[in-house]
Amino acid sequence: MPTADDLSVVEDCERALLTGSVRGDRLSAGLLLHPDFREVGQSGRVWDRDSVLDLMEAEAHAGPVAIRAEELVPTALAPGVVLLTYISVSANGRAHRSSVWVRRDGRWQLLHHQGTPVPAPDVPPVAADV
């Protein structure tokens, strides 16, 4: 199972992906993304690895990247597999995030990422059907 050190490394890798220096460097970002990477963005759009690398590079070159991760919770799921959940904060708002990291060839890579918008505080929750 992943160790506490592994969980810390995964958190560091996730935070690195939120920085302009990594997002703007296709090689650095590419080393952190698994070849089979997929993302379901907070818009609902599904992204593949190349599309995300293109997007991150364009964002970084368009201006400063200001994305913050809060409330990170790493969970060891299986040998070489970690689920990381957190809240991202950016100019686009807040989103619940989940990332599945796998160890491949001795390093951690992001295999799957999901983003779900956090509703505005004035939006009442929907009652559950009973």
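The legends below describe close-up views of a predicted model.

**View 1. Arginine 97 and the side chains around it.**
Arginine 97 is part of strand E5, which covers residues 93–104. This arginine is buried and has no salt bridge. Glutamate 39 is the nearest side chain of opposite charge, at 4.1 Å. A salt bridge requires a nitrogen and a carboxyl oxygen within 4 Å. The side chain of arginine 97 does make a polar contact with the side chain of glutamine 42, at 2.9 Å. A polar contact with the side chain of serine 88 also spans 2.9 Å. Apart from neighbours within four places in sequence, the residues in contact with arginine 97 include Leu84, Thr85, Tyr86, His113, Gln114 and Gly115.

**View 2. Strand E1 and the strands paired with it.**
Strands E1 and E6 run parallel and are joined by four bridges. Strand E2, residues 46–48, runs antiparallel to E1, and three bridges join the two. E1 and E2 form a hairpin with five residues between the strands. In this hairpin, glycine 44 takes a positive phi near 95°.

**View 3. Histidine 34 in strand E1.**
Histidine 34 lies in strand E1, which spans residues 33–40. Is histidine 34 buried or exposed? Its relative accessible area is 11%, and buried means under 20%, so histidine 34 is buried. Not counting residues up to four places away in sequence, histidine 34 touches Arg49, Val102, Arg104, Gln109, Leu110 and Leu111. Serine 98 is 64 residues from histidine 34 along the chain, and the C-alpha atoms of the two are separated by 15 Å.

**View 4. The largest nonpolar core.**
The largest nonpolar core has 22 residues. Which of them touch the most other members? They are Leu17, Leu33, Met56 and Trp101. At least two core residues come from each of helix H1 (4–17), helix H3 (26–32), E1, helix H4 (49–62), strand E3 (68–78), strand E4 (81–90) and strand E6 (107–117). H1 gives the most, with four residues.

**View 5. Tryptophan 101 and its contacts.**
Tryptophan 101 is among the core residues that touch the most other members. With neighbours within four places in sequence left aside, its contacts include Val10, Cys13, Glu14 and Leu17. Tryptophan 101 is also in contact with Leu32, and with Gly80, Val81, Val82 and Leu84. Trp108, Gln109 and Leu110 complete the list of its contacts.

**View 6. The salt bridge between arginine 26 and aspartate 50.**
The structure holds seven salt bridges. One of them joins the side chains of arginine 26 and aspartate 50, with 3.9 Å from N to O. Arginine 26 is in helix H3 and aspartate 50 is in helix H4, so this pair ties together parts that are 24 residues apart in sequence. Both residues are partly exposed: arginine 26 at 29% relative accessibility, and aspartate 50 with a relative accessible area of 44%.

**View 7. Glutamate 70 and two arginines.**
Glutamate 70 forms a salt bridge with arginine 68, and the closest N and O atoms are 2.8 Å apart. Arginine 68 counts as partly exposed at 45% relative accessibility, as does glutamate 70 at 21%. A salt bridge also links glutamate 70 to arginine 94, where the closest N and O atoms are 3.3 Å apart. Arginine 94 lies in strand E5 and glutamate 70 in strand E3, so the pair ties together parts that are 24 residues apart in sequence. Arginine 94 is partly exposed, with a relative accessible area of 35%. In another network, salt bridges that share partners join Arg26, Asp50, Asp54 and Glu57.

**View 8. Arginine 23 in helix H2.**
Arginine 23 belongs to helix H2, residues 20–23. With a relative accessible area of 11%, arginine 23 is buried. What does its side chain reach at 2.8 Å? At that distance is the backbone oxygen of leucine 17.

Technical notes: Residues numbered from 1 in each chain as written. Predicted model: local features only at pLDDT ≥ 70, side-chain atom pairs only at ≥ 80, totals over all residues. Heavy atoms only, no water. Buried < 20%, exposed > 50% of the residue type's maximum accessible area, 1.4 Å probe, protein only. Lys, Arg positive; Asp, Glu negative; His and termini not counted. Polar contact = N/O pair within 3.5 Å; in protein donor to acceptor, adjacent residues only side chain to side chain. Contact = heavy atoms within 4.5 Å. Core = buried A, V, L, I, M, F, W, Y, C linked by side-chain atoms within 4.5 Å. Pairing = 2+ DSSP bridges.
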